[in-house]
Amino acid sequence: MRVLLVEDERNLSAAICKLLEKERMTVDPVYTGTDGLDWALSSEYDAIILDVMLPGMDGFSVLRELRKEKISTPVLMLTARASLEDRLTGLDSGADYYLPKPFESAELVSCLHAITRRGNRTPIMTLSYGDICLEQKDAKLRNTESGAEIKLGAKEYQLMELFLRNPAQILTKETMQDKVWGLESDAEYNNLEVYVSFLRKKLSFIGSRMKIRATRGLGYSLEEET
Ligand code: CA
């Protein structure tokens, strides 16, 4: 297995190289975003490990360029910025997995194996709460009790992910708007209401007991119907 490692921290890069070589992988380390893009475009890799904060070009931009060029090599994003917003940006720009620093060696190795496994990929990330779970792999919302499932659109997915990461907590409209729409200028305020209503319909479609509750003047929360 051949891996491109784009990481500017020399010590960390050296440690990862050593670790992966022990796993009998071939690693090409580069230290800037621009080199990372160059190498990824000119060579075949089984996986790319990509840091976010990089000199030259940040990891998200590298990834977006790669996907634009139809390079579908699995990408593992590596970053100290473990905020949800970053993680969502990572998934949005086409990352296969997002591993926050610091991480365990075993975790990195198993992530690499998971994202490079051909064909029958194991679910990379599943979030669950109450009787529902959300699969990153196919963006499906499933009722874990009945097995009923439904596919979510990109924004619905991000919104549901936000709810599942903060279950039974009121999320303000501003937070949701920020996390899901970010700086997209065309995001109308009432988009949020629209997507919340889509999610409600989908929750009821799969027969879930979970409800998205509106608290006037505050925001929304995902709660189990009592
Ligand atoms: Ca860095």
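Helix axes are lines fitted to C-alpha atoms over the stretch in contact, and the angles between N-to-C directions run from 0 to 180 degrees. The model I present is predicted, so local features need pLDDT of at least 70 and side-chain atom pairs pLDDT 80 or more, whereas totals for chains, interfaces and linings use all residues. Residues are numbered from 1 along each chain as its sequence is written, and side-chain values use heavy atoms, without hydrogens and water.

The chain has 8 helices and 12 strands, which are DSSP runs numbered from the N terminus (helices H or I, at least four residues; strands E, at least two). Of its 226 residues, 46% are buried, that is, under 20% relative accessible area with a 1.4 Å probe, protein chains only.

I turn to one helix pair. Helix H2 (residues 33–42) packs against helix H3 (residues 59–68) at an angle of about 20 degrees, the axes being 9 Å apart. H2 is therefore roughly parallel to H3, a term for angles under 35 degrees. In H2, Gly33, Leu37, Ala40 and Leu41 meet Val62, Glu65 and Leu66 of H3, where contact means heavy atoms within 4.5 Å. The residues of this contact comprise 5 nonpolar, 1 polar and 1 charged.

Finally, aspartate 28 lies in strand S2 (residues 26–30). Aspartate 28 is buried, at a relative accessible area of 14%. Its side chain makes a polar contact with the side chain of arginine 2 at 2.8 Å; such a contact pairs N or O atoms within 3.5 Å, one able to donate a hydrogen and the other to accept it. Beyond neighbours within four places in sequence, the contacts of aspartate 28 include Trp39 and Tyr45.

Terms used. Angles under 35 degrees count as roughly parallel, over 145 as roughly antiparallel, 65 to 115 as roughly perpendicular and the rest as oblique. Ala, Val, Leu, Ile, Met, Phe, Trp, Tyr, Cys and Pro count as nonpolar, Asp, Glu, Lys and Arg as charged, and the others, Gly among them, as polar. Buried means under 20% relative accessible area, exposed over 50%, partly exposed in between (1.4 Å probe, protein chains only).
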